[in-house]
Structure formats: C-alpha cells, structure tokens
Amino acid sequence: MTNEKKVSEAIEYRRSIRVFKKENIDTGKVKECIRLAALAPTSSNMQLWEFYHICSPETLTQITEASFYQNAAKTANQMVVVVARKDLWKKRIVSNIRFLKDSYGNKPVSEYSKREFFALNYYQKTVPSLYFDFIGIFGYLKYLYFHILGFFKPTYRESRRSDMRVVAQKSAALAAQNFMISMSAIDYDTCPMEGFDSKRIKKILNLNSSAEINMIIACCIREENGIYGERFRVPMEEVYFKI
Ligand SMILES: Cc1cc2nc3c(=O)[nH]c(=O)nc-3n(C[C@H](O)[C@H](O)[C@H](O)COP(=O)(O)O)c2cc1C
C-alpha cells in the first residue's frame, strides 16, 4: 500500500473510534491489514489464531446485537473477529514440522545439523508436552513437576490449561494490534471491543466451544465526533522502570 504513515505516526493516529462515518471501506485493503496482522510474533510460531472478516450486513447486524448495540459496532462498515484457537495446536504442530522438513530439503535425519534437530525435536516433543492435557489434570501434574524443579533451577512454569489459554490469547492480541496499526497507517479506523456475548458470537460464526473470541474490531473511518475524549495515559513514571 502506498502513502502509508510511519509506524510512530500510525500508532499516534490510532484511537478507539466509537462513531464511524457512513462509508464503505475497501475490503481488499482490510484483508491486507489482516495479512499483516498474521505477521505478528506468536508463541512457538503456533499461530493459534483465526480472523473472521465480517462484511455481510446481516452478520454485522447480528454481531452488533450480540455486542449490546454499542456505538462502535452499530456504525462500523466491517468488523474483524480475532479468535484464539488453542484447540488447533496439533494441526499447527504438523504445519510447523512440515515447514521445517521442507526447508531442510527432506534429507535423512542423520544429516540434520544440531540446530535443525533441535528445532524438529521442539515441535515433536516439547510443544506437544506443553499443550497436551486431559481435562486439566495433566496440566496440574506438569505444573507441580515444574514447581518442584523450580527449586533447583530456572524453570518454565506456565503449563496448566489456563496458562496455555493465556499463551494463545497473548499472541492473538499481538495480531489484533498489528491489524489496528496497519489500518491506522492507511487512514482507516478501528475500535477493539470485548463487550460482547461470546457464546452468541461463536454461534454466529459457527465456532466450536473450544474457540475463544479474543476481540472484535470494528472498522471504518472516524466521524468527527467519533473520539470520545482526549487520550488519557497514566504518567510514564508510573509504568516505566529503568533497571
Ligand atoms: C481488549 C480491549 C477491549 C476493549 N473493549 C472495548 C469495548 O467493548 N467497547 C469500547 O467502546 N471500547 C473498548 N476498548 C477500547 C478502550 O476503551 C480504549 O482502547 C482505551 O480507552 C484507550 O483509548 P484509545 O484506544 O483511544 O487510546 C477496548 C480495548 C481493548 C484493548
């Protein structure tokens, strides 16, 4: 895309817009911003996310209703629903392994370099052991094991089912931010929303119960009265600690 803002300008320009103009925005450009969203860093490159680009007026209306008719939803021309899909971990492992093997040139295992072997082993053993769980029980056993190990050496501790949900949600939120900044760079506006009935949203999108809505992003172009107030941030001294 041409004439884009600099990153710092796009970040400054982005605001949560609650009233959008009655305008059609280019679905192709929004799709390109979703492509950029998926370039966000992601834990173990698992990409446990999906993006539902809502352009259909009927679905927009349904989502608006499930989002309590909040203004950003009511006036948006399109929406992007960012979904965390922790449940797709096995599929993503297969994709990562296939990608690695292809990039190694499908040579025999005996010819792998140490680094290549480590990377493959990571997806074949380490990642499955982190994601595997059985109604939360295995996760707690892992947690206990790591807790004990932690007395003796630095240890990765986030291994419970709830921890893995956070892992998937974190990466999905980074993608959401990539998306909003990319939109801002081309003078398109957004409003991230978590005020919605997640069960209803999942039903509208035909998602299974394991999928989790990360956020819904209303999209269009800001109306003059679309920003509700001056940007407020607590002072840097309260959040910045140089060590
Ligand atoms: C995860 C998340 C959920 C949010 N949910 C809503 C929402 O449901 N409705 C809304 O109007 N704004 C929502 N916001 C926008 C915040 O209120 C907004 O980001 C904050 O007030 C700072 O303003 P700014 O984005 O203009 O800098 C949400 C923001 C985030 C990051």
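The structure is a predicted model.

**The sheet**

Four strands make up an open sheet, arranged in the order β1-β2-β4-β3, and their pairing is antiparallel. Strands β1 and β3 stand at the edges with a single partner strand each, so one side of each is left without a neighbour in the sheet. From one strand to the next, the twist averages 20 degrees.

Seven bridges join it to β2 (residues 78-84), and the two run antiparallel. Along this pairing, glutamine 78 has cysteine 219 of β4 as its bridge partner, while alanine 84 is partnered with glutamate 212 of β4. Strand β3 (residues 189-193) also pairs with β4 in the antiparallel sense, over five bridges. Here the bridge partner of proline 192 is isoleucine 217 in β4.

Is strand β4 buried or exposed? Nine of its nine residues are buried, meaning under 20% relative accessible area, so β4 is largely enclosed by the rest of the structure.

**Helix α2 against the sheet**

Helix α2 (residues 27-37) packs on the sheet and touches β1 and β2; its direction makes about 170 degrees with that of β1. The buried residues of α2 are Val30, Cys33, Ile34 and Ala37. Viewed down the axis of α2, these residues fall within an arc of 105 degrees, so they line one face of the helix. Their cover includes β1 (49-54), β2 and α8 (161-185). At the N-terminal end, α2 is capped by aspartate 26, which has a side-chain oxygen 2.7 Å from the backbone nitrogen of glycine 28.

**The ligand surroundings**

Which residues are around the ligand? They are Arg14, Arg15, Ser16, Arg18, Gln70, Cys191, Pro192, Met193, Glu194, Gly195, Arg231 and Arg233. Proline 192, already met as a bridge partner of isoleucine 217, is among them.

| Residue | Part of the residue | Ligand atom | Distance |
|---|---|---|---|
| Arginine 14 | N or O atom in the side chain | oxygen | 2.9 Å |
| Arginine 18 | polar side-chain atom | oxygen | 2.8 Å |
| Glutamate 194 | polar backbone atom | nitrogen | 3.0 Å |

Definitions and conventions:
Residues numbered from 1 in each chain as written. Predicted model: local features only at pLDDT ≥ 70, side-chain atom pairs only at ≥ 80, totals over all residues. Heavy atoms only, no water. Buried < 20%, exposed > 50% of the residue type's maximum accessible area, 1.4 Å probe, protein only. Pairing = 2+ DSSP bridges. Arc of directions from axis to C-beta. Contact = heavy atoms within 4.5 Å. Polar contact = N/O pair within 3.5 Å; in protein donor to acceptor, adjacent residues only side chain to side chain. Axes fitted to C-alpha atoms, helices over the stretch in contact; angles between N-to-C directions. Near = heavy atom within 4 Å.
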